[in-house]
Amino acid sequence: MDVYQIFPSYLCVKKFELDNQIQILQNIKNIHEEFVKSDTLNVETVYSQNASASLVDEENFAEVKIELELFLCDIFENFFNFVDVNPYISDMWTTCIKPKEQGQSHYHSNSLMSGVWYPFDTDYSEIVFYNPNNDKNSLNLAANTREFNSLNSTSFTYNPKKNDLILFPSYLTHQVQQNLSSSVRYSLAFNVFVKGNLHAHTSRLSLMR
């Protein structure tokens with residue numbers, strides 16, 4: 001029997017390093033310095049210290065944005081084979097999870113894809129992605145599964161390592177597992193949108209930025 005796994009959700013992983021990475025790491029720590037020193041509990045762990053502040057236009061993170069967008073352009077051209085549109089980072093923020101804390105399950109609306117960069121030499125918490133078809137299944141047979149594979153799994157867990165950059169569709173619900181280490185866990189996350197000419201079967205929409 002032939003089995004075709006159609007319309008898969010992707011998880012792209014690559015090593016990503018910067019020339020001034022030491023300074024970038026310090027900039028990330030500086031954002032959360034007051035929070036780390038405080039007794040405040042991190043409830044959602046999905047934003048920078050100021051939840052309304054995006055790092056997209058921050059000079060201290062300009063090189064990160066430029067290098068990430070170069071990588072995204074390569075992915076668009078050589079992986080997805082998209083034409084007449086270019087990706088750009090629409091939002092970028094850092095996360096900070098103290099020991100024993102964990103993230104909330106969530107997905108990212110109003111973006112095409114999302115990513116996380118793990119630039120620190122630390123024991124990162126696992127990130128779990130949930131099968132987007134779970135809600136469409138009227139009968140869940142997970143408890144009857146002898147061995148899990150890509151056809152029957154309800155979730156996928158990835159254990160990030162230093163300098164891992166992961167990229168995934170924004171519709172995937174995901175969650176950062178509990179930080180079981182004794183150190184603070186930092187990462188940098190971002191959302192991706194597109195600019196250019198969006199073609200349809202009957203029309204074309206030009207986007208300007």
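Predicted model: local features only at pLDDT ≥ 70, side-chain atom pairs only at ≥ 80, totals over all residues.
View A. Ser153 has its place in the loop between β4 (127-130) and β5 (155-158), and a polar atom of the Ser153 side chain lies 2.6 Å from the backbone oxygen of Asn149. When neighbours within four places in sequence are left aside, the residues in contact with Ser153 are Asn131 and Phe148.

**View B. The salt bridge between Lys15 and Asp164.** The side chains of Lys15 and Asp164 meet in a salt bridge, with a distance of 2.7 Å from N to O. This pair links distant parts of the chain, since Lys15 belongs to strand β1 (residues 12-15) and Asp164 to strand β6 (residues 164-169), 149 residues apart. The two partners fall into separate accessibility classes: Lys15 counts as partly exposed at 48% relative accessibility, whereas Asp164, at 2%, counts as buried.

**View C. Two salt bridges within helices.** In helix α2 (residues 33-37), Glu33 and Lys37 lie 4 residues apart, about one turn of the helix, and their side chains meet in a salt bridge of 3.2 Å, N to O. Glu33 counts as partly exposed, with a relative accessibility of 38%, while Lys37 is exposed, with a relative accessible area of 65%. In helix α3 (residues 62-80), Lys65 and Glu69 are likewise 4 residues apart, about one turn of the helix, and the closest N and O atoms of their salt bridge are 3.4 Å apart. Here Lys65 counts as buried at 14% relative accessibility, and Glu69 is buried too, with a relative accessible area of 16%. The count of salt bridges in the model comes to 3.

View D. The structure holds 10 aromatic pairs, and one of them is formed by Tyr118 and Tyr124, which are arranged edge-to-face at 4.9 Å centre to centre, with 75° between the planes. Both Tyr118 and Tyr124 are buried. Elsewhere, ring pairs link Tyr10, Phe76, Phe79, Phe80 and Phe82 into a cluster. A charged side chain also meets an aromatic ring in this model, as Lys98 lies over the face of Phe35, at 4.2 Å from the ring centre.

**View E. Strand β8 and its antiparallel partners.** Strand β2 (residues 85-97) pairs with strand β8 (residues 185-199) in the antiparallel sense, over 12 bridges, and within this pairing Cys96 stands opposite Tyr186 in β8. Strand β3 (residues 113-118) runs antiparallel to β8 as well, and 5 bridges join these two strands. Gly115 stands opposite Phe190 in β8.

**View F. His174 and the residues around it.** His174 lies in strand β7 (residues 174-176) and, at 4% relative accessibility, counts as buried. The side chain of His174 makes a polar contact with the side chain of His108, at 3.4 Å. Not counting residues up to four places away in sequence, His174 touches Gln104, Ser105, His106, Tyr107 and His108, together with Ile127, Val128, Phe129, Tyr130 and Phe168.

**View G. Phe61 in the loop between two helices.** Phe61 is found in the loop between α2 and α3, where Phe61 is buried, with a relative accessible area of 3%. Although Phe61 and Ile28 are 33 residues apart along the chain, their C-alpha atoms are separated by 9.2 Å. Ile28 is also among the residues that Phe61 touches, not counting those up to four places away in sequence, and the others are Ile24, Asn27, Ile31, Leu55, Met92 and Leu188.

Note on methods: Residues numbered from 1 in each chain as written. Heavy atoms only, no water. Salt bridge = Lys/Arg side-chain N within 4 Å of Asp/Glu carboxyl O. Buried < 20%, exposed > 50% of the residue type's maximum accessible area, 1.4 Å probe, protein only. Phe/Tyr/Trp six-rings, centres within 6.5 Å; stacked < 30°, edge-to-face > 60°. Lys NZ or Arg CZ within 6 Å of the ring centre and 35° of its normal. Pairing = 2+ DSSP bridges. Polar contact = N/O pair within 3.5 Å; in protein donor to acceptor, adjacent residues only side chain to side chain. Contact = heavy atoms within 4.5 Å.
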